[in-house]
Amino acid sequence: MSPTNVYDASPYRPIPRAPEELSALASLLTRMPARPVHLDGFLPRDEAARLASAVRTMPDWTRSPVVWDEEYRETTPVTLDEFHAAPPRRRAAVRQVAQDIPALFDEGSPYPARHRESLSDFFVFAGMGPVLVELLGRWLAPGSPVTTNVEFARYGTDDYLGEHSDTDSDTLFVLNLYLDEAYRDSDGGVLGFRNEKGEKTLMHPRYNSLSVMPIRPGCVHWVTPWRRADVGRHTVSIAASPVAGPAAGGAAGHA
């Protein structure tokens with residue numbers, strides 16, 4: 001199937017990228033030292049609005065605090081009281097994660113039909129449908145089949161993601177799509193990335209922008225505290241891993 005036909009068949013059609021962006025994406029997995037890529041205007045305006053509305057309308061979100069173990073190798077879910085009682089250095093992350101996604105599609109679900117359709121279309125794209133396969137083949141050429149895990153997250157006031165590497169998992173790279181139209185730089189929630197040389201990159205979660213971040217030894221990332229008084233930083237995270245890779249845990253969470 002040609003790229004044109006692949007795009008015509010998909011309900012979500014990411015905007016074509018400039019040559020310099022494609023060059024940066026193509027070297028994402030091999031460049032030394034590592035460099036994440038941040039793309040503005042990932043989806044056409046109507047598609048971004050459609051997806052953003054569907055995500056913000058999800059009814060079931062659970063605050064998900066986790067702490068590091070004593071050796072800082074794995075994280076453990078805890079209650080919010082346990083999180084605040086832990087030493088600051090062991091507090092790995094606290095944010096809200098969407099729950100019971102399959103239930104949104106059950107017969108009699110109060111989730112509006114138009115949002116079910118939008119979310120279903122996005123899962124076709126994000127679940128390694130033909131458009132994402134073709135997109136990653138042109139962008140990253142990972143060299144072997146990959147599978148994806150999709151997570152929906154949002155941040156309440158002072159929620160954050162602590163510095164971590166995700167290298168205990170088999171994740172190759174993570175795509176983060178941000179869906180808050182009203183975002184301002186002063187709101188916080190900035191994705192930080194530090195590479196093997198200690199060089200730091202900060203990526204603000206601007207609406208309809210996409211961060212593409214390699215996961216490799218020597219690199220860490222984090223999310224600064226969310227400063228707005230209301231919940232926000234609605235994010236779709238797509239983590240890509242080798243199809244035959246072993247299942248592994250230990251990550252604080254997608255960014």
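# Reading the sheet and its contacts

Tutor: Start with strand β6 (residues 96-98), which two bridges join to β7 in an antiparallel run. The model is predicted, so to speak: local features need pLDDT of at least 70, side-chain atom pairs count only at pLDDT 80 or more, and totals for chains, interfaces and linings use all residues. Residues are numbered from 1 along each chain as its sequence is written, and side-chain values use heavy atoms, with hydrogens and water left out.

Student: What is the bridge partner of V97 in β7?

Tutor: Strands of a sheet pair through backbone hydrogen bonds, either parallel or antiparallel. Here, two strands pair if DSSP finds at least two bridges between them. Strands are DSSP runs of E with at least two residues, helices are runs of H or I with at least four, and both are numbered from the N terminus. V97 has A153 as its bridge partner in β7.

Student: In what order do the seven strands of the open sheet stand?

Tutor: The order is β1-β12-β9-β14-β7-β6-β2, with antiparallel pairing. β1 (37-39) and β2 (61-63) are the edge strands, each pairing on one side only. On average, neighbouring strands are turned by 25 degrees against each other, direction ignored. Axes are lines fitted to C-alpha atoms, for helices over the stretch in contact; angles run from 0 to 180 degrees between N-to-C directions.

Student: Over how many bridges does β14 pair with β7, and over how many with β9?

Tutor: β7 and β14 share nine bridges, antiparallel. T147 stands opposite S241 of β14. Strand β9 (residues 173-178) and β14 (residues 232-242) are antiparallel too, over six bridges. There, I238 of β14 is the bridge partner of L175.

Student: Which helix lies across β2, β7, β9 and β14?

Tutor: Helix α3 (residues 45-56) does, running at about 100 degrees to β14.

Student: Is H234 buried or exposed?

Tutor: Buried means under 20% relative accessible area, exposed over 50%, partly exposed in between (1.4 Å probe, protein chains only). H234 has 5% relative accessibility, so H234 counts as buried. H234 lies in strand β14. Contact means heavy atoms within 4.5 Å. Leaving aside neighbours within four places in sequence, the contacts of H234 include V55, W61, A153 and L177.

Student: How many of the 10 residues of β7 are buried?

Tutor: Seven are buried, so β7 is largely enclosed by the rest of the structure.

Student: How many aromatic pairs does the rule count?

Tutor: Rings of Phe, Tyr and Trp (its six-membered ring) pair if their centres lie within 6.5 Å; planes under 30 degrees apart count as stacked, over 60 as edge-to-face and the rest as tilted. The count comes to six aromatic pairs. Take F42 and W139: their ring centres are 6.2 Å apart and their planes at 65 degrees, so the pair is edge-to-face. F42 lies in the loop between β1 and α3 and W139 in helix α6 (residues 130-139), so the pair ties together parts that are 97 residues apart in sequence. F42 is buried, at 4% relative accessible area, and W139 is buried at 1%.

Student: What are the distance and angle for F83 and Y160?

Tutor: They are 6.3 Å centre to centre with 50 degrees between the planes, a tilted pair. F83 lies in helix α4 (residues 80-85) and Y160 in strand β8 (residues 160-164), so parts that are 77 residues apart in sequence are tied together. F83 and Y160 are both buried. Y12, F122 and F125 form one aromatic cluster.

Student: Over which ring does the charged end of R233 sit?

Tutor: A charge sits over a ring if NZ of Lys or CZ of Arg is within 6 Å of the ring centre and within 35 degrees of the ring normal. R233 sits over the ring of Y155, 4.9 Å from its centre.

Student: How many salt bridges are there?

Tutor: A salt bridge is a side-chain nitrogen of Lys or Arg within 4 Å of a carboxyl oxygen of Asp or Glu. The count comes to 16. R35 and E199 form one of these, at 2.7 Å, N to O. R35 lies in the loop between α2 (19-26) and β1, and E199 in the loop between β10 (191-194) and β11 (200-203), so the pair ties together parts that are 164 residues apart in sequence.
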